[in-house]
Amino acid sequence: MRLLVTGGAGFIGSNFVHHVVAHTDDHVTVLDALTYAGNRASLAGLPSERVEFVHGDITDAALVSGLFAEADAVVHYAAESHNDNSLHDPRPFLDTNIVGTYTLLEAARRHDVRFHHISTDEVYGDLELDDPERFTESTPYNPSSPYSSTKAGSDLLVRAWARSFGVRATISNCSNNYGPYQHVEKFIPRQITNVIRGIRPRLYGEGRNVRDWIHADDHSSAVLTILDRGRIGETYLIGADGERSNRDVVERILTLMGEPAGAYDHVMDRAGHDLRYAIDSTKLRTELGWAPRFSDFEAGLAATIAWYRANESWWAPSKAGVEAFYAGKGQ
Ligand code: NAD
Ligand code: DAU
């Protein structure tokens, strides 16, 4: 199969490309604009006969149309992905997440290409800490941030193009990913690289907020499963039962890195900060037979810490700029 992967030089997209090369015979073309979040080094070492890189923007309709004409299936990861950036400057989120997805859908329609859209659990808003319910495929949309509202908008575009134009699309909404190649602006790599640099980790507010962590490689196996066996027009939630408070995560990072568990600072909270996400992935598990492989969060976290220790040249160029951005916001 010839796969076109948008955003394949980003965190989850590059993990997916590595996973595809390791587990299938598919050929991958990566389309990526190499924004601040994209890094060609995340694809280093992959065989050139299996992986082709195209530097370009998903809003470029002519480029996109040519690439769709050559693809059997498209997996769409490209996005502006960081909530804090969306609170600072929402415009790129509208351009890439809304207009970019629209541009891809028009090409999928024209060329009748199978299309899988990668989305987030944040489209459902947040849950109370003691809510016994988790998000399911029928939870109403209720996004909180400019980022999550543009992802919600992109999901609705995909649903409309599937229903109105017969685009052969599926959607997945996944919880928080961790693993190698994640940008240092995000919570887990920010704290790991802070500790490596001798900076105290930063916890927003009280740190009671809960995220439902899944290893990026498990996200990749779920996406391949949906691409292979998912029903056209359906949405699948992806999660690995990994709920943890931010405080718990930061304390585990510190302990695993040989520091006192309490050696972190509380900083200004995020505006509109979602309290808790939690995914019920029963549909994906029972209908398609998927299961996560990384069931031990602490072991996955230890491997991720080892990766950041071993790959300082990958993240060091971004670190100072990210910390300057946060310092300007009291975070
Ligand atoms: P990321 O920010 O690490 O990577 C995004 C990639 O998209 C980068 O390589 C960037 O260069 C590229 N890109 C951005 N704008 C582009 C454009 N206009 N044209 C072409 N390429 C462009 O993001 P990520 O964390 O890997 O997230 C990937 C996808 O997964 C996103 O759609 C996100 O909403 C979704 N998602 C992320 C998580 C998570 O925990 N990170 C969880 C669920 C879903
Ligand atoms: O749920 C899926 C979403 O997970 C994806 O759609 C997003 O693309 C991805 O960025 C992620 O969103 P979050 O906002 O949950 O991730 P982030 O890593 O920014 O923050 C995780 C939690 O940690 C959140 O509650 C905010 C908090 N935080 C974050 C940073 C950067 C801190 O306490 N301190 C920090 O320094």
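Visitor: Why does the radius of gyration of the chain agree with that of a compact globule?

Guide: With 331 residues a compact globule would have a radius of gyration near 20 Å, and the chain has 19 Å, so the two agree; the radius is taken over C-alpha atoms, and the globule rule is 2.2 Å times the number of residues to the power 0.38. This is a predicted model, in which local features need pLDDT of at least 70 and side-chain atom pairs count only at pLDDT 80 or more, while totals for chains, interfaces and linings use all residues. Residues are numbered from 1 along each chain as its sequence is written, and chains are lettered from A and ligands numbered from 1 in the order in which they are written.

Visitor: What makes a residue count as buried, and what percentage of the chain is buried?

Guide: A residue is buried if 20 or more other C-beta atoms, placed from the backbone, lie within 10 Å of its own; buried residues make up 48% of the 331 residues.

Visitor: What makes a set of residues a nonpolar core, and which have the most contacts inside the largest one?

Guide: A nonpolar core joins buried Ala, Val, Leu, Ile, Met, Phe, Trp, Tyr and Cys residues through C-beta atoms within 7 Å. The largest has 81 residues, and those with the most contacts inside it are Val5, Phe68, Val74, Val75 and Ala108. Helix H7 (residues 216–229) gives the most to this core, with six residues; helices are DSSP runs of H or I, at least four residues, numbered from the N terminus.

Visitor: Which residues are in contact with Val5, leaving aside its neighbours within four places in sequence?

Guide: They are Gly13, Phe16, Val17, Val28, Val30, Val75 and Tyr77, contact meaning C-beta atoms within 7 Å.

Methods:
Buried ≥ 20, exposed ≤ 12 C-beta atoms within 10 Å, placed from the backbone. Helix = DSSP H or I, 4+ residues; strand = E, 2+ residues; numbered from the N terminus. Contact = placed C-beta atoms within 7 Å.
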